[in-house]
Amino acid sequence: MLPVMLDLRDRACLVVGGGEVGVRKAEGLLEAGALVTVVAPSPAAAVEALAACGRLRLERRPYRAGEAAGYRLVFTATDSAETNRRVAADAEAAGIWANVADEPELCTFHVPARVRRGALQIAIASNGEAPFAVRRLRQLLDRRLAGDWAAWIAAAARFRPRVRALAAPAQREALFDRFFAATVDPDSLTARVPAPEEEAAWLANAAAVKAPVPTDPPRRPGFVSLVGAGPGDPGLLTVRARRRLMTADAVVFDRLAEPVLPPDLPARVELHSVGKEAGHHPVPQGEINALLVRLGLEGKRVVRLKGGDPYVFGRGGEEAEDLRAAGVPFEVVPGVTAGIAAPACAGIPVTSRDEAVRVTLVTAHESTRVDGSFVHWDQLAHDPHATIVAYMAVSSLKQVSANLLAGGMDPEFPAAMIERGTTSAQRVVRAPIRELPAAAEAAGIQPPALLVVGPTVHHAESLAAFTRRPLFGERLALAAPAGDVRDALEEAGAEVVEAPLPLTPAARIVLRALPLTGCLLRSPADAVAFADERPAWGDRVVAWCLDAETADSARALGWGRVVEASADAGWGALVAAMGRGDEGHRDR
Ligand code: SAH
């Protein structure tokens, strides 16, 4: 059999039968832009719906002899073997390609299984002889193709006419080779989109030298992006931040940024942890600056990933100054700062028309300066219509509270500590400012945490929708592509780590960055793929297994807590069980 790609745009195609299979065929045709007619005496609701909104023409009647002749392509999927044979015979007589559901003998074409990434389609077929093998292979390839292939194929399509316009024919293939070698990692099957300046350098080079393109890649200027990672919820990484990460050569990241590294970050990206933690700085700031300058001068595209916003108590300004001094081009990609986002997720609006009309972002740490504080706590203490958000607040809380009270603040003024705001590990402790240090200590609040003092803190009571979602507190790992189950879990309030298999180095960092509560396993292969990470997660992590076979593998691999879906109940039932806390794991 010969695989072909049919251009069905605006071509008349027929689907006989309006059941489940018919609907699928009609949808496939519609996606390809065909003009679809469905003939079915009692069509399914989905067909009616497509007809109602004008997507297809629906004939609510039986197939009429000879009718197939008016179309370019025909699918038949009715309950009646006789009708199916009739349609196939009509199509054959008229020289039209026909596909008969479940009757490979009657088909004059099959539709291959496909792995799709935008315009890129990989077709898999077995002459219709082993659909089960094809399905599994499709799944495998679908998982293995990590990275942004849709954007990659679009970039390739844009690159092609530029090459054809510029280069002599002899150089074109060399440029295409360069594009491919630079953007595709053959081992991990990941793809990336080249940066505009990278493409420009390839093209400029080809245009300038009429000789064959040299094999050494041209030296392009390095570029450092100072990128805000947001407060910890991976969903709060900006679109630009993600693009910069996915196309980087090197990523230099802090502890705070670990949970938001994209798990599908290509394995070829160099990872530099400069893990700043509260209290101690494993890599001194000067060395971080020097590392950024060095990587930049090596011509690399570098992402400096910092928690929150890079210029809000992040020393991003110092890094930028050093890069400028060294002549390394850089940019800043602002991020969502914890001081605004964490209160929001704790149910505390930092401004409110009738309550708070000013917000002060301040460092609490500064109050321990030996040479006298820059912060005038006494001035901050006097405004009942302002919100104070203090960063780095854990070790200095007692001091700050004392300073505010000494400055004249009402001891009953509402205050809160928010630990790990916006994440599955978020905790909030509320108390009047006078009592907050003791309350935070009793609760064992740890960095990273913010202090919020202000008249809107009381809203946390009514507005804590973030923590009231049924699966709040769950942090779940599952293999990419996660599909619909991810949306269902996130809507219910869980944090989801969608990790490509085999696990990338970035995925391993993300998985360990915050405590996991569970792992969704679809197959024994998933259980195996996560096996070497599992010991690091501790015993509280539940293996949620889609079937008995997977559950057996999980147990055999040492998972202590295993829950399996009852036969054919699927993820829906598991998600519901999580919500009910059936496994008894929501006990913190
Ligand atoms: N540039 C960062 C702040 C870095 S300073 C930003 O814009 O958010 C580090 C401090 O930020 C921590 O000590 C803590 O006070 C605060 N912080 C960062 N992430 C936080 C989070 N998820 N929840 C609460 N506080 C956080």
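Which residues does Asp322 touch, not counting residues up to four places away in sequence? Asp322 touches Asn289 and Val293, where contact means heavy atoms within 4.5 Å. This is a predicted model, in which local features need pLDDT of at least 70 and side-chain atom pairs count only at pLDDT 80 or more, while totals for chains, interfaces and linings use all residues. Residues are numbered from 1 along each chain as its sequence is written, and side-chain values use heavy atoms, with hydrogens and water left out.

**Asp322**
- Asp322 is located in helix 10 (residues 316–326); helices are DSSP runs of H or I with at least four residues, numbered from the N terminus.
- With a relative accessible area of 35%, Asp322 is partly exposed (buried is under 20%, exposed over 50%, partly exposed in between; 1.4 Å probe, protein chains only).
- Between Asp322 and Glu435 there are 43 Å in space, C-alpha to C-alpha, and the two are 113 residues apart in sequence.

**Aromatic pairs**
- The structure has twelve aromatic pairs, meaning rings of Phe, Tyr and Trp (its six-membered ring) with centres within 6.5 Å; planes under 30 degrees apart are stacked, over 60 edge-to-face and the rest tilted.
- Phe179 and Trp202 are edge-to-face, because their ring planes are at 75°, with the centres 6.2 Å apart.
- This pair links distant parts of the chain, 23 residues apart: Phe179 is in helix 6 (residues 169–183) and Trp202 in helix 7 (residues 196–208).
- Phe179 is buried at 4% relative accessible area, and Trp202 is buried at 4%.
- One aromatic cluster is formed by Trp149, Trp152, Phe159, Phe176, Phe179, Phe180 and Trp202.

**Charge over a ring**
- Arg534 lies over the face of Trp559, 5.9 Å from the ring centre (NZ of Lys or CZ of Arg within 6 Å of the ring centre and within 35 degrees of the ring normal).

Conventions: Helices (H or I, at least four residues) and strands (E, at least two) are DSSP runs, numbered from the N terminus.
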